[in-house]
Amino acid sequence: MLRSLISRLLQGLALVLAVVVLNFILVHAAPGDPVETIAGASGGMSPELMAQLRTQYGLDKPLPVQLGVYLSQVARGDLGFSYFFNLPVSEMIAERVPATLLLVVSAVLLAFVVGTGIGVLSARKPNGLLSQFITVLSLVGFAAPIFWVGIMLVILFASIWPILPVAGMRSIDSSGGGGWADMVDVAQHLILPAFTLSLVYLAQYSRLARSAMLDVLGSDFIRTARAKGLTESVVLYKHALRNALLPVVTVLGLQFGNVLAGAILVETVFNWPGLGRLAFESVLRRDYPTILGVLLFSSIVVVVMNQVTDLAYRLIDPRIKTS
Amino acid sequence: MSKSSLALSGAGFRLPKVEHPTVEALRMFARNPSAIVGMVMLLTMLAVAIAGPWILQADPFEIAYAPLTPPFSAEAWLGTDYLGRDVLTTLVYGGRATLLVGAVAATLSVLIGITLGAFAGYYGGRVDAVLMRITEFFQVLPALLFAMVVVTLFSPSLVTVTLAIGIVSWTGTARLTRAEFLKYRVLEFVRAERAIGAGDARIIWKVILPNALPPLIVSATLAVGAAILFEAGLSFLGLGDPNQMSWGLMIGSSRQYVLSCWWAVAFPGMAIFVTVLAVSLIGDGLNDALNPKLRAR
């Protein structure tokens, strides 16, 4: 167990290292260099100043040396300096993480609870109304662009039925602070973005939970449980549900990268001040260090999530041993 | 009863006609109402995207009428956006870029996925280990963010957007292909082929791949839908080709004015929705026709 944990940890580290190297290669393969970008952004610069900046950023050194410098910087948590905001990238990311975390966790929780809920309920009647609803939901959830759904909700709640805030994380007159009133304010702002982000996954999880539940309900141990005279609800929620959750948990963990992608679009639509919004802003401004920092940070999160999924998987299903 | 035994023993006995699997699949597909609906929807979209610009003969970027003309008015059927561009024209022209990028990017991702998956599954061992590490790496990279980085660094154009989408979305196909190859490579007909001296290339492309195709065709269909959504997302974020009208670009550029012209966002979104819906209905239909045993419940 310990050995497999360590080897997984090393694998994860190798993946992160590969992302760092890829980042470096991409920036250097792209036409132009950062100094030209800064010069362009600030509206012209003398060649002497550009040369000075190149020395300052170490861009005049050979590539392998630059890679070494970059690697040691990243290892110390230094992701560089944003050209545009003039702040350390790591600081900006740290500042944006809580908002994204709040959004993503609420959306995934919502999708998980509601999705598995209706999936499991519908498995009791494989051709019932709820099952048909899931079929339609999964088609719509896949086909409707998430940012478009978000914008449509903005139109609905901004002009037709103005009961919910449609932009930002706090009201304009909010003083923040984290008191009760502030929490209610943030929760109100959270409803629409979290709902939008959860839609895709709600559709997927309900379909997955439904088919897993149907599979499990056909197996021998369920028949045994029923034959023992257990009540239907114990059979369903104690015996079957646990097994039916397995595929949902796997997909949930492995899809974390997709959820982050959805968060970029949703945060952009609702002006949610998170990482995705930061990625969007830095892409618009061609602010490479920031966008690369966000990419690296997100990759680390995905690697960690994959490992956590693996662990969760073993906890739910003791049959899965180290392989 | 007696009739059939008579027929068996009599001279008129004929083997029942066996349908070619492809014909059978096509017949099953054609009998599936939702697949046909999807097919009609997609063909309509394609026809409009191909023939529409040729009939309209207009510039989608041109200011046609007064800005913010509401839809269903006499001159602009679907209204105009905040600049006065005709939404119907932009919709018809935008379909070209969106569908083209979707189709080419999906083809690219399927080609990469099938090639890497086939090699990994067929050769196994060290080749498999290396290729699977690469696959794992691309699965860890957050696809949209990575595509954003690539497009930003290499300036947005139809080519970079297509390449970026293709590069980030092949991993699913690769895993699927690998699993199919692992399944087939030990089967008797493959061994027989090897025994008569067939080379690796022949076995991979001519012997195993045709057998592994059914699930791959389904996943390729769904890949088209995913690529269209991906393209729309990128152009919504301002990373599409700025010189090519596309549905995502329309949504992205009108986003800030959405409260004064909902139609400029609603219609292109519906177009994306209908197209992706059509593609996934076709995918489901193909799945039922090609993999009857795996039919989704």
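How many helices and strands are there in chain A? I counted 13 helices and zero strands, taking helices as DSSP runs of H or I of at least four residues and strands as runs of E of at least two, numbered from the N terminus.

Note on the source. This is a predicted model, in which local features need pLDDT of at least 70 and side-chain atom pairs count only at pLDDT 80 or more, while totals for chains, interfaces and linings use all residues. Residues are numbered from 1 along each chain as its sequence is written, and chains are lettered from A and ligands numbered from 1 in the order in which they are written.

Entry: chain A overall. I looked up the extent of the C-alpha trace and found about 85 × 60 × 40 Å along its principal axes. Of its 323 residues, 36% count as buried (20 or more other C-beta atoms within 10 Å of the residue's own, with C-beta atoms placed from the backbone). I then took contacts (C-beta atoms, placed from the backbone, within 7 Å) between residues at least 6 apart in sequence, and 73% of these join residues at least 24 apart.

Entry: helix α11 of chain A. I checked the length of this helix, residues 256-270. Its 15 residues should span 21 Å (1.5 Å times one less than the number of residues), and the end C-alpha atoms are 20 Å apart, which agrees. I found 14 of the 15 residues buried, so α11(A) is largely enclosed by the rest of the structure. Just after α11(A), A:N271 takes a positive phi of about 50°.

Entry: B:L144. I located B:L144 in helix α6 of chain B, residues 143-153. B:L144 counts as buried, because it has 27 C-beta neighbours inside 10 Å. Leaving out residues up to four places away in sequence, I found that B:L144 touches A:A261, A:I264 and B:G233.

Entry: α6(A) against α8(A). I looked at the packing of α6 (residues 129-143) and α8 (residues 180-217) of chain A, and read an angle of about 140° with the axes 8 Å apart. Axes here are lines fitted to C-alpha atoms over the stretch in contact, and angles run from 0 to 180 degrees between N-to-C directions. I noted contact residues including A:I134 and A:F142 of α6(A) and A:L199 and A:R210 of α8(A). The residues of this contact divide into seven nonpolar, five polar and two charged (Ala, Val, Leu, Ile, Met, Phe, Trp, Tyr, Cys and Pro are nonpolar, Asp, Glu, Lys and Arg charged, and the others, Gly among them, polar).

How values were computed. A residue is buried if 20 or more other C-beta atoms lie within 10 Å of its own, exposed if 12 or fewer, and partly exposed in between; C-beta atoms are placed from the backbone. Two residues are in contact if their C-beta atoms, placed from the backbone, lie within 7 Å.
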